[in-house]
Amino acid sequence: MDRKIRVAILDLYEGQPNQGMRCLKEILKQYAKKNRLTLEWDEFDVRLKLQAPDLSYDIYISTGGPGSPLDSEGSEWEKKYFNWLKQIENHNASMYTPEKKYVFFICHSFQLVCRHYKLAKVTKRKSTAFGVFPIHMLSLGKKEPVFSGLHDPFYAVDSRDYQVTTPDNQQLRNMGAQVLAIEKERPHVPLERAVMAIRFNQYMLGTQFHPEADPEGMSMYLQREDKKKMVIAEHGEVKWRSMIDQLNDPDKIRWTYSHVIPNFLNTAVEDLQAIVV
């Protein structure tokens, strides 16, 4: 493919230290090298600088971030963010634009979009979900190209104080959206399972978990003295050691890292190549 692939990363981390941006850039670099593509990306600081990309990009990835996905409703940065999303929707809906825009929403972005579309409840969790957890695919998830090659359940990094639950089936149908995955089913736990992934439409998909997390970054994060103390204080040392062990298992985080976002990129790039040809 001759032409350049342009990616916009919408940074929702609000200036806070994170592994997410490094991981996403590393995935893009690896993907471009493996597929011999000319791929470039720009970053947009959505929350601090009120930045949002225009429609000159092919692919958009909107990150996780700190804080409440509820308290920011009506803020200036949210208005800018949802104005960008509306432009993407209008572009993709137009019969005059053969090249569609592909969007992936991660964690905080996923919660914002679920709230925006009124697809489910977004609420504060009783306690923080933090660690490596199994994700259970629903029947539609097993047919989802972005999940191609994943095990069922597959494992992912989860880090959140909020959750998406109680999907509105009527609203999902109206929008043509599909729930793809939930927290691993545990019938003995009397809490509703959180929704972990939704395909919003043909070009937009989001996950509650962090598919960009790599074992190296997560391991460094967990072994930082402050984070180690926090996890041990909240969950005990056995849990902390278990998390470190799971990061070293090639069938868990490494597998998810090497499949989900690369699969998403495959779908977008194949579509672009088909149109260019």
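**View 1. The hairpin between strands S8 and S9.** A hairpin of two residues connects S8 to S9 in this predicted model, where local features need pLDDT of at least 70, side-chain atom pairs count only at pLDDT 80 or more, and totals for chains, interfaces and linings use all residues. Residues are numbered from 1 along each chain as its sequence is written, and side-chain values use heavy atoms, with hydrogens and water left out. Helices (H or I, at least four residues) and strands (E, at least two) are DSSP runs, numbered from the N terminus. Strand S8 (residues 195-201) pairs with S9 in the antiparallel sense over four bridges; strands pair if DSSP finds at least two bridges between them. Ile198 stands opposite Gly206 of S9.

**View 2. Strand S9 beside strand S4.** S9 also pairs with strand S4 (residues 102-106), in the parallel sense and over four bridges. Here Val103 has Met204 of S9 as its bridge partner. S9 is covered on both faces: Met204 and Gly206 are buried on one side, Leu205 and Thr207 on the other. Buried means under 20% relative accessible area, exposed over 50%, and partly exposed in between (1.4 Å probe, protein chains only).

**View 3. The aromatic pair Tyr81 and Phe82.** The whole structure holds 14 aromatic pairs. Rings of Phe, Tyr and Trp (its six-membered ring) pair if their centres lie within 6.5 Å; planes under 30 degrees apart count as stacked, over 60 as edge-to-face and the rest as tilted. Tyr81 and Phe82 form an edge-to-face pair, at 5.4 Å centre to centre and with 75° between the planes. Tyr81 is buried at 1% relative accessibility, and Phe82 is buried at 12%. Tyr81 and Phe82 belong to one aromatic cluster, whose members include Trp77, Trp84 and Phe200.

**View 4. The aromatic pair Phe154 and Phe209.** The ring centres of Phe154 and Phe209 are 5.5 Å apart and the planes lie at 70°, so this pair is edge-to-face. It links distant parts of the chain, 55 residues apart: Phe154 is in strand S6 (residues 154-165), and Phe209 is in the loop between strand S9 (204-207) and helix H6 (215-223). Phe154 counts as buried at 1% relative accessibility, and Phe209 counts as buried at 0%.

**View 5. Lysine charges over aromatic rings.** A charge sits over a ring if NZ of Lys or CZ of Arg is within 6 Å of the ring centre and within 35 degrees of the ring normal. The charged end of Lys124 sits over the ring of Tyr162, 5.5 Å from its centre. Lys228 has its charged end over the ring of Trp240, 4.5 Å from the ring centre.
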